[in-house]
Amino acid sequence: PQKTSFHRSQTLGYKNGFAFSRLPTVGIGGERLYVNQLSQAELDELSKRPMLTYRQAKQAPPSGFVPAHVAFDKKILKFDAYFQEDVPLSAEEHYRIRQVAIYYYLEDDSMSVIEPVVQNSGLLQGKLIRRHRVPKNDGGDHYHWKDLNRGMNITMYGRMYRIVDCDPFTQVFLESQGIELNPPEKMVFDPYTELRRMPMHKYVTPSDFDQLKQFLTYDKQVLRFYAMWDDTDSIFGENRPYIIHYYLADDTVEVREVYKQNDGRDPFPILIKRQRLPKTFVDKKKTFPSCVLEISDQEVLEWYTAKDFAVGKSTTLLGRTFFIYDCDEFTRNFYRDKFGITDFQPVEIKKKPLEEVPQVIPPYNGFGVLEDSLQNCFSLLPKPPRKDVIKMLENDHRVLRYQVALESPNPEDRKRRFILSYFLSNDMISIYEPPVRNSGIIGGKYLGKTRVAKPGSTTENVMYYEPSDLTIGSTIEVFGHRFVITDADEYVLNYMESNAESFPMATLQSLRDHFRPRQVLKETAKSDIPMLGTSDQEMDELIVQVQEEMKLHKYLNNKSIQEAFLQCDKDGSGILDKAKFLALCDSLSVPTNSFLVNKLIDLCSCGEDKINYCDFLRAFPC
């Protein structure tokens with residue numbers, strides 16, 4: 001036959017981690033080789049020893065040295081042991097037995113102690129002593145496998161272990177080394193752990209009721225009741241519908257909620273999950289907690305059954321009282337066959353009419369326009385109040401301006417003058433204070449454009465200031481500040497006269513009386529006729545009023561006032577320039593900002609720049 005295999009046989013190999021050579025037994029082509037084997041005659045010849053030797057026989061070479069880590073690799077001695085541990089702070093156990101395994105590694109004479117892990121023991125278990133050479137005494141000696149035997153105590157790091165047994169490999173190894181082993185002992189178990197493993201003896205009388213039969217008979221059979229929970233006594237409470245399911249298979253109860261669209265409630269379908277509900281509890285002691293996690297049969301005297309549910313009756317489940325008003329057809333048939341009940345007339349539930357809560361508008365807080373702020377009480381997205389567009393177009397750029405004085409107990413504030421502007425397009429008011437040099441008061445905008453309500457007006461009946469309320473000498477109150485109207489523009493008079501039917505006669509007459517002296521002065525100036533003033537009776541009445549008002553200003557010295565005016569009139573004409581006259585009054589602290597004093601100055605005017613001070617001094621008699 002032809003040869004098909006031409007490779008050479010393997011002559012190198014490994015055993016126990018060492019390389020060695022071997023002779024080939026098969027040649028090329030797979031033929032068996034016999035050249036390396038000796039015949040029986042050759043073997044007999046080699047076995048014969050020579051009778052005579054001429055020199056010393058050669059000794060056989062010593063066997064190869066094998067180190068300990070090779071000879072004893074992966075050879076471990078295992079001993080079963082235990083130690084006792086005291087438990088001082090426990091009333092149920094006084095000591096604890098902990099079982100361990102002692103491992104001795106022959107390759108380096110190291111030891112380790114490992115405790116098997118016990119579930120739910122609450123102890124740190126596992127490796128108690130790591131692998132190393134364990135000291136035997138204080139002299140530096142270490143434990144050797146010759147020191148270990150069954151039925152003996154061994155102390156490592158202050159803890160005494162009792163060796164009770166070993167595995168078969170350990171037993172064979174020690175016996176091969178000539179060590180006589182002690183008989184094995186029984187392993188000691190922890191008494192508390194064994195007590196826990198024993199089943200608890202329950203003194204419960206077996207029941208004659210067959211729960212399995214009940215389950216097989218009533219499986220998937222559920223009683224359905226329609227109930228209502230009246231929660232109207234609480235805040236934001238209401239009548240809420242529920243469905244009560246009673247499972248006949250295990251006497252459990254479930255309460256499910258009934259939801260409607262847009263009811264504003266979160267989608268939680270179950271109010272009470274499926275469970276047995278207690279009906280009557282055993283008499284509890286005062287020390288028994290009111291809230292417990294689980295309720296056992298020992299705390300409950302009676303549970304809810306199918307007999308406790310009926311149409312037209314109320315049932316209290318876990319503190320909530322449910323009124324059952326109807327049930328389904330299967331429930332009617334069950335009660336008819338089981339209990340003989342035939343009255344299942346559903347109860348009509350009447351909904352209580354909702355109480356109409358009057359909408360109370362809160363008082364105005366003073367911020368913003370009243371109509372604009374009032375929209376926040378009507379809608380979450382307030383809309384701006386409607387405006388009278390026709391009025392805005394007709395009265396655009398029409399403004400009535402008045403001069404007002406601040407009514408204040410402070411003398412410095414009484415001298416301040418303001419310009420009050422009334423906008424006819426939207427009935428808003430703004431106040432501006434003209435800057436006065438060296439007055440110590442910063443002028444400018446005093447009040448922005450806004451509608452000012454009259455004192456005493458309410459949110460339901462708001463009354464704002466109108467042009468008819470702005471008469472000469474009248475007082476207006478603007479956010480707690482009182483102003484007296486002392487003057488007005490001629491445009492105010494012209495506008496009211498052109499629209500006389502829209503304003504009361506008293507307002508129009510007060511403006512006419514105020515502007516009459518000015519008109520007389522203008523006519524006199526045009527005709528070059530000296531101003532004789534108005535009637536003597538009106539002048540006398542005004543002087544008397546000014547004298548009454550000046551009595552309040554006790555600091556004024558009438559004699560010094562008259563002497564100052566006479567000294568200032570060098571030519572003795574009795575007439576002074578208006579600017580010089582006003583400067584002299586300010587130096588003498590005469591209250592020229594007073595309405596009556598201003599009116600008296602107007603009556604004493606001769607032309608636009610001249611004033612007859614003789615009539616003016618009649619108000620300051622010596």
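Glu85 counts as partly exposed at 24% relative accessibility, the partly exposed class being what falls between buried (under 20% relative accessible area) and exposed (over 50%), computed with a 1.4 Å probe on protein chains only. The model is a predicted one, so local features need pLDDT of at least 70 and side-chain atom pairs count only at pLDDT 80 or more, while totals for chains, interfaces and linings use all residues. Residues are numbered from 1 along each chain as its sequence is written, and side-chain values use heavy atoms, with hydrogens and water left out.

The side chain of Glu85 forms a salt bridge with that of Arg98, at 3.2 Å from N to O; the term covers a side-chain nitrogen of Lys or Arg within 4 Å of a carboxyl oxygen of Asp or Glu. Glu85 sits in strand β3 (residues 76-86) and Arg98 in strand β4 (residues 95-105), so the pair ties together parts that are 13 residues apart in sequence. Strands here are DSSP runs of E, at least two residues long, and helices are runs of H or I, at least four, all numbered from the N terminus.

Asp250 and Arg274 make another salt bridge through their side chains, at 3.1 Å from N to O. Asp250 is in the loop between β10 (239-247) and β11 (252-257), and Arg274 is in strand β12 (residues 270-275), so this pair links parts 24 residues apart in sequence. Asp250 is partly exposed at 33% relative accessibility, and so is Arg274 at 40%. Then there is Arg256 with Glu254, whose side chains meet at 3.5 Å, N to O. Here Arg256 is partly exposed, with a relative accessible area of 30%, whereas Glu254 is buried at 7%. Shared partners join Glu85, Glu93, Arg96, Arg98 and Glu115 into one salt-bridge network. The count of salt bridges comes to 27.

On to the sheet: 6 strands form an open, antiparallel arrangement in the order β12-β11-β10-β9-β16-β15, where two strands pair if DSSP finds at least two bridges between them. At its edges are β12 and β15 (314-317), each pairing on one side only. From one strand to the next the twist averages 35°. Strand β9 (residues 222-230) runs antiparallel to β10 and is joined to it by 9 bridges; Phe225 has Ile244 in β10 as its bridge partner. Helix α6 (residues 329-338) lies across β9 and β16 (320-327), at about 110° to β9. Such angles run from 0 to 180 degrees between N-to-C directions of lines fitted to C-alpha atoms, for helices over the stretch in contact.

The largest nonpolar core holds 28 residues, and Tyr402, Leu420, Ile431, Phe483 and Leu511 touch the most other members. A core of this kind is a set of buried Ala, Val, Leu, Ile, Met, Phe, Trp, Tyr and Cys residues joined through side-chain atoms within 4.5 Å. Among the elements giving it two or more residues are β17 (399-406), β22 and α11 (505-527). A second, separate core of 27 residues includes Met539, Cys585, Leu596 and Phe620.

Thr486 belongs to strand β22 (residues 481-488) and is buried, at 9% relative accessibility. Setting aside neighbours within four places in sequence, Thr486 is in contact (heavy atoms within 4.5 Å) with Gln403, Val404, Ala405, Ile472, His514 and Phe595.
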